[in-house]
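Welcome! Here is a short briefing to read with the structure open beside you.

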Amino acid sequence: MASERRQIAPFVGTCGPAKRHQNGPRAVVTRKQPMRKILAAALFAAIAASPLFAAPAHAQTPIKIMVGGIDKQIYLPAKLAAQLGFFKEQGLDVELFNSTSGSQAATALLAREVQGVVGFYDHTIDLQSKGKFITSVVQFAVAPGEVVLVKAADADKLKDPANWKGQALGVTGLGSATDFLTRALAAKAGLKVQDYTLVPVGAGDTFLASMQQGKIVSGMTTEPTVARAVKNGTAKVGIDLRTLEATRAALGGDYPAACLYMDRGWMEANKETAQKVVNVMVKTLKWMNTHSPEEIAAQMPKDYYAGDLDLYVQGLKEGRAQYSPDGMMPSGAPESVLKVLSSFSPNVQGKTIDLSKTYTTEFVIKANATH
């Protein structure tokens, strides 16, 4: 009988109430207990420990976020946050969707197909000029992170926007941030809209093919496409917008770019969820600020490397200065972006824009206080 008792539970005493085991109720065997009570106690312990009777896990809040080029390094914090498991920590079930350009992503947001978009801050101003209100809730980057690549054979001439007259210039998509920035650079050089042609060529392989095939002689793109184009000799860097200093020199002021923006109405009605998303993004930016490009790259899906890990890491090193350390909107930056857009955009020119509705620091301030 002793051996039978030990198979059910260890002998812990001859009398007294059953003690609670750290993994659930524990059957206690005494010499005075009949076998039926022993078996009943063991059965109760097994049932209580069963997953069917465990406390239910808190349901995660579903949210859809579209990224204007999910493998672009300018938007890297969104995917990195998912890779690090930070969304789940906040109780969020996030689906990340890819789009070919920021303009396409903004359209999805306005159609309520997604709750957030990772794109450029300038879209908040452009859309308000059309009566649509979206709001940046956390700033990923303090500089565009974009590069104007020019055909290698004509690099000396085409690096100057004044020489773009009559040329075909590549952008990710019409109405995208690369469209806005290309027009801004051309306007600053004295060119009019009719002096050049913008060609939507996407990024990555489609951008490289368009330049190799002569469809464009210059184009704006980002990492890792930049490093690939330079390495294979297709293009050279004409204008670099990956640092604050270079951006100010090229555009005449600050131009904070990559951010997470939301429909203002949805944001106001779902502040708790918005706060959780911003908590994640701020934590991710701080993680990036304390880890090397190699460590960052190691967290990303291997297909993002485009077959060359070293080039991917190189791109991270070249573009590291663009990322915000805390997600805050730089002081005076919204006014600078509005000024740049007003220099060429008929949508914005002459319009009254309420910049206080294009961004908010409410969530970022709270996130920084806790992370």
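Helices (H or I, at least four residues) and strands (E, at least two) are DSSP runs, numbered from the N terminus. One example to find is α5, which is followed by R112, a residue with a positive phi near 65°. This is a predicted model, in which local features need pLDDT of at least 70, side-chain atom pairs count only at pLDDT 80 or more, and totals for chains, interfaces and linings use all residues. Residues are numbered from 1 along each chain as its sequence is written, and side-chain values use heavy atoms, with hydrogens and water left out.

**The chain as a whole**

- The chain has 17 helices and 12 strands.
- Buried residues (under 20% relative accessible area; exposed means over 50% and partly exposed in between, with a 1.4 Å probe and protein chains only) make up 50% of the 371 residues in the chain.
- Contact here means heavy atoms within 4.5 Å. Of the contacts in the chain with a separation of 6 or more, 77% are between residues 24 or more positions apart.

**The nonpolar cores**

- In soluble globular proteins, nonpolar side chains tend to be buried together.
- A nonpolar core is a set of buried Ala, Val, Leu, Ile, Met, Phe, Trp, Tyr and Cys residues joined through side-chain atoms within 4.5 Å.
- The largest nonpolar core has 94 residues, and L76, I125, V138, W164 and L260 are the ones that touch the most other members.
- Helix α13 (residues 271–289) gives this core its largest share, nine residues.
- A second, separate core has 10 residues, among them L208, M211, V226 and A229.
- Beyond its neighbours within four places in sequence, V138 is in contact with C259, L260, V278, M281, V282, L285, G327 and V364.

- F120 is found in strand β5, and it is buried, with a relative accessible area of 1%.
- Along the chain, F120 and I74 are 46 residues apart, while their C-alpha atoms are separated by 9.6 Å.
- Not counting residues up to four places away in sequence, F120 touches I74, Y75, P144, E146, A177, L181, A257, A258, C259 and Y261.

**Helix α5 and what it packs against**

- In α5, the residues G102, S103, A105, A106, A108 and L109 are buried.
- Those buried residues pack against β3 (61–67), β5, α6 (122–128), β6 (134–139) and β12 (258–263).
- R112 sits in the loop between α5 (102–110) and β5 (116–120), and its positive phi is in a residue other than glycine.

**Helix α8**

- Helix α8 (residues 177–188) has 12 residues and reaches 16 Å from its first C-alpha to its last. This is close to the 16 Å expected at 1.5 Å a residue, the expected span being 1.5 Å times one less than the number of residues.
- α8 is mostly covered, with nine of its 12 residues buried; they are A177, T178, D179, F180, L181, T182, A184, L185 and A186.
- Just after α8, G190 has a positive phi of about 95°.

**Two helix pairs**

- Two packed helices are described by the angle between their axes and the distance between the axes. Axes are lines fitted to C-alpha atoms, for helices over the stretch in contact, and angles run from 0 to 180 degrees between N-to-C directions.
- Angles under 35 degrees count as roughly parallel, over 145 as roughly antiparallel, 65 to 115 as roughly perpendicular and the rest as oblique.
- The axes of helix α3 (residues 76–83) and α13 come within 9 Å and cross at roughly 95°, so α3 is roughly perpendicular to α13.
- L76, P77, A78, L80 and A81 of α3 meet V280, M281, T284, L285, W287 and M288 of α13.
- α8 and helix α11 (residues 244–251) pack at about 55° with their axes 9 Å apart, and are therefore oblique to each other.
- On the α8 side the contact uses L181, A184, L185 and K188, and on the α11 side A249, A250 and L251.

**Backbone details in loops**

- A cis peptide bond, with omega about 10°, joins E223 and P224. P224 lies in the loop between β10 (218–221) and α10 (225–231).
- A306 has a positive phi near 55° and is found in the loop between α14 (293–299) and α15 (309–319).
- At 40% relative accessibility, A306 counts as partly exposed.
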